Amino acid sequence: MRADRPRARTAPGLAIALLSGFSFGLAGPFAAALLATGWSPLAVVLGRLGGAALLLVVPLAVMAARGRYLRRRHLRPVVVYGVVPLAGAQVCYFSAVGHLSVGVALLIEYTAPVLLLAWTWARTAARPRPATLLGAALAIAGLGLVLDVGRGADVDVVGVLWGLGAAVCLAAYFRLSADAGGDDGPPALVLTAGGALVGSAVVVLVGLVGLLPLEATTAPIDLAGWTAPWWVGVVLVAALSTALAYLTGIAAVGRLGSRLASFVGLSEVLFAVLGAWWLVAQEPTATQVAGGVLVVAAIALIRWAEPPDAPATTG
């Protein structure tokens with residue numbers, strides 16, 4: 001009976017993690033539709049975080065009115081979450097895109113699971129299992145194929161540093177999410193809503209000081225051949241690809257642990273490719289399909305090698 005508990009806990013955790021990956025994956029196509037009409041990347045980020053904050057402020061206010069779960073000790077993790085995993089990851093990624101191809105920048109960001117493994121290894125001196133290390137290598141190789149980075153990739157040191165910054169921020173997302181909902185950590189709603197508010201303020205500040213342009217238009221967008229008002233794209237990226245994505249992501253990390261959830265989170269790239277094919281007519285190549293198969297195999301290998309309770313305690 002005891003051996004069955006981790007498996008029963010992992011099954012819904014994997015489903016929630018895949019839902020999170022699906023939600024996150026659609027952010028790219030939604031953002032691409034807005035970018036095509038003249039939105040700057042930073043403006044899309046502000047739409048994501050600001051819109052999510054507006055959507056979540058009502059349930060957050062109800063929670064505050066009832067005096068539940070809101071504690072002074074929650075302030076610090078909420079601020080860190082908003083600055084690092086929310087605003088930091090996206091600002092670093094879009095800065096990397098200014099120096100690198102999109103594929104290379106995203107691949108560097110998605111070295112986050114490997115950084116988590118390395119951090120756990122260094123902190124605990126517990127060497128990951130050989131299958132885990134093999135899964136990490138397969139995941140990175142598969143992402144390289146999915147993103148098709150071998151075609152005309154232009155690499156420079158500044159861009160690589162920005163990409164590594166995004167990877168660190170993404171790793172922080174998985175690690176901080178693991179602490180949400182516990183005895184000392186803030187609940188998922190507080191962490192997501194509060195983090196979105198803080199992240200929005202950071203993005204506005206970045207735009208005001210001129211580090212990145214903050215520009216938006218009211219031109220209609222095109223999604224899967226359907227012409228829609230600009231605000232439809234903002235609502236979709238804020239509600240589906242931000243509010244829902246982060247809430248389910250935090251829930252998945254709570255069930256699976258930060259390391260396993262971070263590898264399942266690689267499914268975001270697969271959903272992004274499929275979403276781009278459907279919504280903005282970017283058909284995947286045979287190489288990308290092969291890479292997707294490799295990523296799925298890597299996730300299955302990590303699932304087999306890392307029991308659900310191990311990442312939660314050591315990740």
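This is a chat about a predicted model of one protein chain.

User: What should I know before I start?
Analyst: The model is predicted, so local features need pLDDT of at least 70 and side-chain atom pairs count only at pLDDT 80 or more, while totals for chains, interfaces and linings use all residues. Residues are numbered from 1 along each chain as its sequence is written, and side-chain values use heavy atoms, with hydrogens and water left out.

User: How many helices and strands are there in the chain?
Analyst: There are 14 helices and two strands. Helices (H or I, at least four residues) and strands (E, at least two) are DSSP runs, numbered from the N terminus.

User: OK, Ala252: buried or exposed?
Analyst: Ala252 is buried, at a relative accessible area of 3%. Buried means under 20%, exposed over 50% and partly exposed in between (1.4 Å probe, protein chains only).

User: Which helix is Ala252 in, and what is Ala252 in contact with, leaving aside neighbours within four places in sequence?
Analyst: Ala252 belongs to H10, residues 230-256. With those neighbours set aside, Ala252 is in contact (heavy atoms within 4.5 Å) with Gly13, Ile16, Ala17, Gly257 and Ala261. The C-alpha atoms of Ala252 and Leu19 are 9.3 Å apart, though 233 residues separate them along the chain.

User: Switching topic, where is Leu211?
Analyst: Leu211 is in the loop between H9 and strand S1 (221-223). At 65% relative accessibility, Leu211 counts as exposed.

User: And what happens just after H9, at Gly210?
Analyst: Gly210 takes a positive phi there, about 85 degrees.
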